[in-house]
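Q: Can we walk through this model together? Start wherever you like.

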Amino acid sequence: MSVGSTESALKRARVARNMTLEEAADTLNMITGGATDASLMSAWESGRRRTGKRNRAGLCQVYRERPEVLFAHQDGAATSVLETSGTAVVVKVLARWTDLVEAMVGVVAGAREQLIVTGSRSREKAYLAAIETAVAQHPDLIHYRVLYGPPRHPALADHLTRLLELRDPAARRNGVKTLHIGMVESAEALERFFVASETAAVVPLPSFHGAEGFDCGVLLSREAAVGLVHHGREACASARPVETTEAVRALPVRHN
């Protein structure tokens, strides 16, 4: 099979081993314990997305090649639309808790293709209920929940259980897995908080009003949202799956 010169070294390495995208993703997941899929592999190969540290190390092991060779097309990529957009991606500054929750619920309600939620501190009832409603009402919506350590509140653990009651992560709808729940366990990984769909995202910020909590934030446009969707997908791909009710119940729920 001839390979065009415009193809990345990452893709050429896969093709040289006669591996499909699905086979390469499965092999990578055996090394990392993650949940990378064919579409994410394709995005890495084309340079649309940059591969994270853990998956880079895994792919170097799969293909037996140095990172500076496999990922040159990503590291030398031209400036992206997002990078040139600057502060234009900020649609609105959310200075009040009520505005923040309303915007987060709005992102969830508007999601039709992908919904990414990160963090282990969620406990706002309206927000968690909106996620459950979206999962129940839109069967083709692919939902990723990325935890950074165990849930900090029982409300989040209960929410995870309800998600598993609504959907089976082992099932495939039209060949696609539609529920991913993973926990980043590395003590070096900083917790991050955001909710993102294919059209919008909200990132909570430290309070503008005092030293306690994250009750403010920013509503971001499609350009930033798409970037955060891929950020969350890659984080979930590198996380330990927590995808049974038994696994959720085994988590040491924190209360801080």
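A: Start with strand 6 (residues 201-205) and strand 7 (residues 216-220): they run antiparallel, joined by 5 bridges. Strands are DSSP E runs of at least two residues, helices H or I runs of at least four, both numbered from the N terminus. Strands pair if DSSP finds at least two bridges between them. This is a predicted model: local features need pLDDT of at least 70, side-chain atom pairs pLDDT 80 or more, while totals for chains, interfaces and linings use all residues. Residues count from 1 along each chain as its sequence is written, and side-chain values use heavy atoms, without hydrogens and water.

Q: Which residue stands opposite Cys216 in strand 7?
A: Leu205.

Q: What's the strand order in the open sheet?
A: 1-7-6-5-2-3-4-8, 8 strands with mixed pairing. Strand 1 (90-94) and strand 8 (240-241) are at the edges with a single partner strand each, so one side of each lacks a neighbour in the sheet.

Q: New topic. At what angle do helix 9 and helix 10 pack?
A: About 10°, with axes 10 Å apart. Axes are lines fitted to C-alpha atoms, for helices over the stretch in contact; angles between N-to-C directions run from 0 to 180 degrees. That makes the two helices roughly parallel (under 35 degrees).

Q: Which residues of helix 9 make the contact?
A: Leu128, Ile131, Glu132, Val135 and Ala136. Contact means heavy atoms within 4.5 Å.

Q: And Thr36, buried or exposed?
A: Buried (under 20% relative accessible area, 1.4 Å probe, protein chains only), at 5%. Thr36 is in the loop between helix 2 and helix 3.

Key: Buried means under 20% relative accessible area, exposed over 50%, partly exposed in between (1.4 Å probe, protein chains only). Angles under 35 degrees count as roughly parallel, over 145 as roughly antiparallel, 65 to 115 as roughly perpendicular and the rest as oblique.
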